[in-house]
Amino acid sequence: MVAIIDYKAGNITSVARALENIGQKYAITDDERKLKDASHIIFPGVGAAGEAMAYLRKKKLDNTLKNCFSSGKPILGICLGTQIVMEHSEENDAECIGLITGSTRRFPERLTSGGEILKIPHMGWNSVNFKREHTVFAKINPEAEFYFVHSYYPAPSDMDVVLGTTDYGITFCSVLAFKNLVAMQFHPEKSGRPGLQILQNFCAWRGSA
Amino acid sequence: MLSKRIIPCLDVRAGKLTKGIKFKGNVDIGNPVEAARRYYEEGADEIVFYDITASSDKRDIMIDVVKRVAETIFIPFSVGGGIRNLEDMRKVIAAGAEKVSVNSAAVENPRIITDGAKAFGSQCVVLGMDVKKVAVSSKIPSGYEIVIEGGRKFTGIDALWWAKEAQKLGAGEICLNSIDADGTQDGYELNLTALISENVRIPVIASGGAGRPEHLADVLTAGKADAALIASMVHYKTYTIAGIKRFLTEREIKVRNIW
């Protein structure tokens, strides 16, 4: 059973519908026991880092997530879920979970590309340059694009955890992979077939790249 | 780099797909869930639903359409039309839409933008603007005026001012519809689109007037739009989304080509 962590941070239904489409059983839960029993954990999210962390702490889900990570359970972070596995976020100056060293930063103001001012949020379809192969990204066409909507991005201090980067005025880390954790800034549940393939790969993954 | 988005717009009336010209004379042309699926398969980057159901008692039919669409397609989609308050927004988002667009209601009560952004995040709130070209005046310095109630009522509000104001209030995106161009298939209103897009920092979706792939190329370059809405071009199967994307790729406009 795959558990989707319910921490009142939006778009959980989209993730659930995508899992239904690939025939994967799941539970949406904030119950520590069920999370510990789950084979895989999906940590989605839309919204602000500060509020999300406050809720996670209140429910003691930050510790549960840390424990699940140490136990070797495969964990998938999506969007905000990717930002708050870092130690700190510039959004609301929030202290985060810290599964990965480094912080979450805001896109600089007046980003440009080819003379044009780029808009923030980075919203729409963009590609990912993968640095190495990973089971969760098997069978993904390198030209595939994914749906992003965000103003902040993870900036890990250890470059070895950067699995993929994306260009938007700057080159930022869009996919992180560290031990049994894979986290992506884009929304696989909204990225068409390549996105569904990633979810399917994750659900079949045993947690070691 | 970010791709330009091609977004089919489905007007839905009492659960059926429909299309009119200059907001009048609508005819039913099919099932919106099947159409959404077809566009998803063909490479649409996002889908916009616009509920033009006249009577409020039939509005729940739209919620049912949204639920079925959310089970069928795995790209973002937005729903607009008849959204009056936070509760309407909540229903549409709970049914599975990523974004909600507000139009007349935001003109009458701009707080709906702020409240919506606070409750669901700015990325959920799209400001729909219906715009008509008018004489430049001290009240309408841009020469473009906001109209509401499906194009029937002039508001005395300048379109450029309203776009900037909506951004300040927390809108995450603007869907800019030219009523003069809507349904004509003669091309987008390029001046209007560039004017708005260059003066806001949120993405602008151009709407109204698409008839040929060149029109999309124009609005995504000279018109400075981040995305282009299409309707008649694909509803009547004159063009496919894949074909339009091939054309844009040949013109060196970056679009998503793998799906």
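Biologist: At what angle do the axes of helix 8 and helix 10 of chain B cross?

Modeller: Two packed helices are described by the angle between their axes and the distance between the axes. Helix 8 (residues 213-221) and helix 10 (residues 241-250) of chain B cross at roughly 50 degrees, and their axes come within 9 Å. They are therefore oblique to each other (under 35 degrees is roughly parallel, over 145 roughly antiparallel, 65 to 115 roughly perpendicular, the rest oblique). This is a predicted model: local features need pLDDT of at least 70, side-chain atom pairs count only at pLDDT 80 or more, and totals for chains, interfaces and linings use all residues. Residues are numbered from 1 along each chain as its sequence is written, while chains are lettered from A and ligands numbered from 1 in the order in which they are written.

Biologist: Which residues of helix 8 and helix 10 of chain B make the contact?

Modeller: Helix 8 of chain B brings B:Pro213, B:Leu216 and B:Ala217, and helix 10 of chain B brings B:Ile244, B:Phe247 and B:Leu248 (contact means C-beta atoms, placed from the backbone, within 7 Å). Six are nonpolar, with no polar and no charged residue (Ala, Val, Leu, Ile, Met, Phe, Trp, Tyr, Cys and Pro are nonpolar, Asp, Glu, Lys and Arg charged, the others, Gly among them, polar).

Biologist: How far apart are the axes of helix 3 and helix 5 of chain B?

Modeller: Helix 3 (residues 86-94) and helix 5 (residues 111-120) of chain B have axes 10 Å apart, at an angle of about 40 degrees. That makes helix 3 of chain B oblique to helix 5 of chain B. From helix 3 of chain B come B:Leu86, B:Met89 and B:Ile93; from helix 5 of chain B come B:Asp115, B:Gly116, B:Ala119 and B:Phe120. Five of these contact residues are nonpolar, one is polar and one is charged.

Biologist: Now sheets. In what order do the four strands of the open sheet in chain A run?

Modeller: Strands of a sheet pair through backbone hydrogen bonds, either parallel or antiparallel. The order in chain A is 6-5-7-13, with mixed pairing (two strands pair if DSSP finds at least two bridges between them). Strand 6 (94-95) and strand 13 (152-156) of chain A stand at the edges with a single partner strand each, so one side of each lacks a neighbour in the sheet. Strand 7 (residues 102-106) and strand 13 of chain A run antiparallel over five bridges. There, A:Arg105 stands opposite A:Tyr153 of strand 13.

Biologist: How many residues of strand 12 of chain A are buried?

Modeller: Six of six, in residues 145-150 (buried means 20 or more other C-beta atoms within 10 Å, exposed 12 or fewer, partly exposed in between; C-beta atoms are placed from the backbone). A:Glu145, A:Tyr147 and A:Val149 point one way, and A:Phe146, A:Phe148 and A:His150 the other. Strand 10 (residues 122-127) of chain A pairs antiparallel with strand 12 over six bridges. One bridge joins A:His122 to A:His150.

Biologist: Which peptide bond is cis?

Modeller: The bond from A:Ile120 to A:Pro121, with omega near 10 degrees. A:Pro121 sits in the loop between strand 9 (116-117) and strand 10 of chain A.

Biologist: What is the phi of A:Cys79?

Modeller: It is positive, about 55 degrees, although A:Cys79 is not a glycine. A:Cys79 is buried, with 29 other C-beta atoms within 10 Å. B:Lys224 also has a positive phi, about 60 degrees. B:Lys224 is partly exposed, with 18 such atoms within 10 Å.

Note on methods:
Axes fitted to C-alpha atoms, helices over the stretch in contact; angles between N-to-C directions. Helix = DSSP H or I, 4+ residues; strand = E, 2+ residues; numbered from the N terminus. Contact = placed C-beta atoms within 7 Å.
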